[in-house]
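Welcome, and thanks for taking a look at this one. Below is a short briefing to read alongside the sequence and the coordinates.

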Amino acid sequence: MWIYEKKLEYPVRVSSTNPRLAKVIITQYGGPDGELAASLRYLTQRYSMPTPQAKAVLTDIGTEELAHMEIVATLVYNLIRNATVEQIKAAGLDPYYVDHDKSVYFVNAEGVPWTAAYIQSKGDPIADLHENMAAEQKARATYEYLINVSDDPDVTDTLRFLRQREVVHFQRFGETLNLVHDWLSSKKVFY
Amino acid sequence: MELEFAAIELNLFLDTHPEDRCALADFEKVSQELMKAKTEFEARYGPLMNFGFGRNQGDTWRWIESPWPWEINFKGFELYGEE
């Protein structure tokens, strides 16, 4: 069960209409290292996690990623909602516009739609936790590239929050990996 | 928002440090303050959460009356105008 809370985890401020910035930020919505991939990756891997800590970490971080997905969608929507067709064409966003108008869809920065192939669920907790740590680092790197590209200081502020959360999640997954290693080495019954 | 962020951080930390007494005490304190703040918010602005986890307190369905998160410009807390 999930309960929706009618607020953002972190405020979204947008200085001005900027379809060019929306075009790249959308990759954190529907790209390979984006928030949809992150939340679905963790929430589907949790079923085969062996320890109470690992089950909790995947459930809670997977849930927080859903809140980040909402932040990214809010950024994208408010960067394009008032854009004129001329602005959209100038930003190279017209192929997106003809398919989606100004709605928010799961694509990467190049317009490629989201696919389940972006995520893995191997059943082996060591393999899955390594995948998650790599995913957090890739997401951190993506946010850093977005910050490099951003020309809106208000948007950059939100991107910096999201980048920092990836660092915290990486830390928690690393601790979880150590706990799972301890659990595996203390297991007396092998099957 | 700050209380909720503290609660998220403590929750994730406790997931991997379930016996940390200091974090347990902080979580208890923050979660009590958070619930108090949410109760006050909901009395003023309507339910924060759906499915009965927030109180409506009014003779109209306040869930649909307040703006949605993507409709608020936090720059000066203004609502985005219609196009």
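A handy term to start with is pLDDT, the predictor's confidence in each residue, on a scale from 0 to 100. This is a predicted model, and its overall scores are ipTM 0.91 and pTM 0.95. For chain B the average pLDDT is 91, and 92% of its residues score at least 70.

**Chain A: the fold**

- Of the 191 residues in chain A, 40% are buried.
- If you take the contacts in chain A between residues at least 6 apart in sequence, 77% of them join residues at least 24 apart.

**Chain B: the fold**

- Chain B has two helices and two strands, and their order along the sequence is α-α-β-β.
- The radius of gyration of chain B is 16 Å, whereas the globule rule gives 12 Å for 83 residues; chain B is therefore more spread out than a compact globule.
- A box of roughly 50 × 30 × 20 Å, taken along the principal axes, is filled by the C-alpha atoms of chain B.
- Buried residues account for 13% of the 83 residues in chain B.
- Among contacts in chain B with a separation of 6 or more, 16% are between residues 24 or more positions apart.

**Where the chains meet**

- How many residues of chain A are in contact with chain B? There are 28 of them, and they meet 20 residues of chain B.
- On the side of chain A that touches chain B, α4 (52-80) and α8 (153-186) each supply at least two residues.
- The helix that gives the most to this side of chain A is α4(A), with 11 residues.
- By residue class, this side of chain A divides into 13 nonpolar, five polar and 10 charged residues.

**The largest nonpolar core**

- As general background, nonpolar side chains tend to be buried together in soluble globular proteins.
- The largest nonpolar core in this model has 44 residues, and the members that touch the most others are A:A22, A:I25, A:Y29, A:V72, A:L75, A:V76 and A:L79.
- Five helices of chain A, namely α1 (19-25), α3 (35-45), α4, α7 (125-149) and α8, each supply at least two residues of this core.
- The largest share of the core comes from α4(A), which provides 13 residues.
- Leaving aside residues up to four places away in sequence, A:A22 touches A:V76, A:L79 and A:I80.

**A closer look at A:Y143**

- Which helix of chain A contains A:Y143? The residue is found in α7.
- Is A:Y143 buried or exposed? It counts as buried, because A:Y143 has 25 C-beta neighbours inside 10 Å, and the cut-off for a buried residue is 20 or more.
- Apart from residues up to four places away in sequence, A:Y143 touches A:L159, A:L162, A:R163 and A:E166.
- Between A:Y143 and A:A117, which are 26 residues apart along the chain, the C-alpha atoms are separated by 21 Å.

Note on methods
Residues are numbered from 1 along each chain as its sequence is written. Chains are lettered from A and ligands numbered from 1 in the order in which they are written. This is a predicted model: local features need pLDDT of at least 70, side-chain atom pairs count only at pLDDT 80 or more; totals for chains, interfaces and linings use all residues. Two residues are in contact if their C-beta atoms, placed from the backbone, lie within 7 Å. Helices (H or I, at least four residues) and strands (E, at least two) are DSSP runs, numbered from the N terminus. Ala, Val, Leu, Ile, Met, Phe, Trp, Tyr, Cys and Pro count as nonpolar, Asp, Glu, Lys and Arg as charged, and the others, Gly among them, as polar. The radius of gyration is taken over C-alpha atoms; the globule rule is 2.2 Å times the number of residues to the power 0.38. A residue is buried if 20 or more other C-beta atoms lie within 10 Å of its own, exposed if 12 or fewer, and partly exposed in between; C-beta atoms are placed from the backbone. A nonpolar core is a set of buried Ala, Val, Leu, Ile, Met, Phe, Trp, Tyr and Cys residues joined through C-beta atoms within 7 Å.
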